[in-house]
Amino acid sequence: MSQETAPAIPQTPDAFAPERPGLFELFVAFAKMSLAGFGGVLVWARRAIVEQHRWMTPEEFNEAFALCHFLPGPNIVNLSVVFGARFRGIPGSIAAFFGLVGPPVVIVTALAAIYARYGEIPALQRTLAGVSCAAVGLFLAVILRMMMPLLKKRDPTALALLAAVFIAIGVLRLPLVAVLLTAIPLSIVVTFLIRRKASS
């Protein structure tokens, strides 16, 4: 009687590994972000990229946004270009960029014409004030979510740098460029020394 062998288990890809989005999918995803992004697209960008599609982990999103924050230009526009290039190269950057800026340009142009004609109406001014409050709330909510990966790691060095930059810019009102030119090299050097010490 021949010895039976166990059936081979097929090797399946990681169920948690996201598929690479196509060009049209990139365009549609960023168009949805821009259309939903009242008061700022960052809230909806993080929700779509991290929570809905799982194209990035929370840590990867923070790192990408941090890079885009230090580059010249609007942060979320930089993020669309960097994100699109990560998955589809230059065509991906173009698709994500036009998905992000295309629909709002059309809508804002129409709204600007309407506001120029009816902007003095008190009801409209109260509506815009309410929208501003909601936008601030959404922005604070996404800041707290982006801070969670740092808080979970409980890295005292990262938290100290975070607090120092916040105090320098938010409390002491120091120039943004000077703070960044000091904080960026300092954070790189500190991280390099800590990892070098951990590996030795």
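Visitor: With which residue does Glu60 form a salt bridge?
Guide: This is a predicted model. The closest N and O atoms of the pair are 3.5 Å apart, and a salt bridge needs a side-chain nitrogen of Lys or Arg within 4 Å of a carboxyl oxygen of Asp or Glu. The partner of Glu60 is Arg86.

Visitor: How many residues apart are Glu60 and Arg86 in the chain?
Guide: The salt bridge between Glu60 and Arg86 links distant parts of the chain. Glu60 is in helix 3 and Arg86 is in helix 4. The two are 26 residues apart.

Visitor: Is Glu60 buried, exposed or partly exposed?
Guide: Buried means under 20% relative accessible area and exposed means over 50%, with partly exposed in between. Glu60 has a relative accessible area of 28%, so Glu60 is partly exposed.

Visitor: And Arg86: buried, exposed or partly exposed?
Guide: The relative accessible area of Arg86 is 45%. Exposed would require over 50%, and buried under 20%. Therefore Arg86 is partly exposed.

Visitor: Which backbone nitrogen does the side chain of Glu60 reach?
Guide: Glu60 is found in helix 3, which covers residues 58-70. Not counting residues up to four places away in sequence, Glu60 touches Trp55 and Arg86. Its side chain also reaches a backbone nitrogen at 3.0 Å, that of Thr57.

Visitor: What distance separates the C-alpha atoms of Glu60 and Val50?
Guide: Glu60 and Val50 are ten residues apart along the chain. Their C-alpha atoms are separated by 9.0 Å.

Visitor: How many salt bridges does the structure hold, and which residue meets Arg46 in one?
Guide: The structure holds two salt bridges. One of them has an N to O distance of 3.2 Å and involves the side chain of Arg46. The side chain that meets Arg46 is that of Glu51.

Visitor: What span is expected for helix 3 at 1.5 Å a residue?
Guide: Helix 3 has 13 residues, and the expected span is 1.5 Å times one less than the number of residues. From first C-alpha to last, helix 3 reaches 19 Å, close to the expected value of 18 Å.

Visitor: Which residues of helix 3 are buried?
Guide: Glu60 of helix 3 is partly exposed at 28%, and buried requires under 20%. The buried residues in helix 3 are Phe61, Asn62, Ala64, Phe65 and Cys68.

Visitor: Which residues does Asn78 touch, not counting residues up to four places away in sequence?
Guide: Asn78 has its place in helix 4. At 13% relative accessibility, Asn78 counts as buried. The residues that Asn78 touches are Cys68, Leu71, Pro72 and Gly73.

Visitor: Which helix gives the most to the nonpolar patch?
Guide: The patch, about 640 Å² of surface, is made by Leu35, Val106, Ile107, Leu111, Ile114, Tyr118 and Ile121. Ile121 sits in the loop between helix 4 and helix 5, and counts as partly exposed at 39% relative accessibility. Five residues of the patch come from the helix that gives the most, helix 4.

Visitor: How far apart are the end C-alpha atoms of helix 7?
Guide: Helix 7 runs over residues 176-199 and has 24 residues. At 1.5 Å a residue it should span 34 Å. The separation of its end C-alpha atoms agrees, at 34 Å.

Visitor: Which helices are included in what covers the buried residues of helix 7?
Guide: In helix 7, Val179, Leu180 and Ala183 are buried. Their cover includes helix 3 and helix 6.

Visitor: Which residues is Leu174 in contact with, leaving aside neighbours within four places in sequence?
Guide: Leu174 lies in the loop between helix 6 and helix 7. Its relative accessible area is 40%, so Leu174 is partly exposed. The contacts of Leu174 are Ala168, Ile169 and Val179.

Visitor: What percentage of the residues of the protein count as buried?
Guide: The protein has seven helices and zero strands. The protein has 200 residues, and buried means under 20% relative accessible area. The buried share is 24%.

Notes:
Residues numbered from 1 in each chain as written. Predicted model: local features only at pLDDT ≥ 70, side-chain atom pairs only at ≥ 80, totals over all residues. Heavy atoms only, no water. Helix = DSSP H or I, 4+ residues; strand = E, 2+ residues; numbered from the N terminus. Buried < 20%, exposed > 50% of the residue type's maximum accessible area, 1.4 Å probe, protein only. Contact = heavy atoms within 4.5 Å. Polar contact = N/O pair within 3.5 Å; in protein donor to acceptor, adjacent residues only side chain to side chain. Patch = residues over 30% accessible without salt bridge, like charges linked within 9 Å, V, L, I, M, F, W, Y side chains within 5 Å. Areas by Shrake-Rupley, 256 points an atom, 1.4 Å probe, with all protein chains shown as cover.
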